[in-house]
Number of protein chains: 2
Amino acid sequence: MLKPSRLDHVALAVTDVPAAVRWWTEHFACRVKYADATWAQLDFENTSLALVTEGQHPLHLGFLVPDASAYGKAQTHRDGTKSVYAQAPGGAIEYVERPTTSSP
Amino acid sequence: MLKPSRLDHVALAVTDVPAAVRWWTEHFACRVKYADATWAQLDFENTSLALVTEGQHPLHLGFLVPDASAYGKAQTHRDGTKSVYAQAPGGAIEYVERPTTSSP
């Protein structure tokens, strides 16, 4: 199995997602890829930050993989990604498979 | 002040740093930049993971900045970085200034 090497995102739990989006965009040069009342994705230069409401997903590090199902039973998320959560020394991780985009 | 955009590292607290280094290098394609009994830095494709012993530094996200002192009173670390810790919605962050390397 190919060993992942790219940190796709870090997910942080916040009490108020819209307020957190305002704070992060005010202090950091990041682009709001998606935001609603319960979830936001901020794209930074080299990775992304996911802001989620507390209790939805624990804090975790998501690593990009070509095939999430190679790591267990994959769940499909509303943004089209498939993933498997696992436990690593130091915290939770997520093996993330992004939807394939067709080549030009 | 320039808004940071690059995630320099994510720091995770672990109970046993050498055992954690073994686990992470077994499961991920990452390079051990530094490792001792209390601290390790693993370089991934697009960012780094710092493994620290519990209680040393809380879990945090470190963002690269040109001048850490612009964010408060900077402390100098044993790896030559200077940084300022702060609180963000979702958790602790660190504004990290890397030592300047001379151009070739």
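Helices (H or I, at least four residues) and strands (E, at least two) are DSSP runs, numbered from the N terminus. This is a predicted model, in which local features need pLDDT of at least 70, side-chain atom pairs count only at pLDDT 80 or more, and totals for chains, interfaces and linings use all residues. Residues are numbered from 1 along each chain as its sequence is written, and chains are lettered from A in the order in which they are written.

Start with B:Ala74. It sits in the loop between E5 and strand E6 (75–76) of chain B. B:Ala74 counts as partly exposed because its relative accessibility is 28%, and partly exposed lies between buried (under 20% relative accessible area) and exposed (over 50%), with a 1.4 Å probe and protein chains only. Beyond its neighbours within four places in sequence, its contacts (heavy atoms within 4.5 Å) include B:Ala68 and B:Lys82.

Now look inside. A cavity is a set of points, on a 1 Å grid over the protein atoms alone, where a 1.4 Å probe fits but cannot get out; lining residues have an atom within 4 Å of a point. Grid points are joined across faces, edges and corners, and a volume is the space filled by probe spheres set on the points. There are 3 cavities of 30 Å³ or more.

The largest cavity has a volume of about 70 Å³. Both chains line it, with A:Val10 and B:Gly90 among the residues. Its lining has 8 nonpolar, 3 polar and no charged residues. Here Ala, Val, Leu, Ile, Met, Phe, Trp, Tyr, Cys and Pro count as nonpolar, Asp, Glu, Lys and Arg as charged, and the others, Gly among them, as polar.

The second largest cavity has a volume of about 40 Å³. A:Phe63 and B:Phe44 are among its lining residues.

Technical notes: Heavy atoms only, no water. 1 Å grid on protein atoms, 1.4 Å probe; cavity = no way out; pocket = protein on both sides within 12 Å on 5 of 7 lines; lining within 4 Å.
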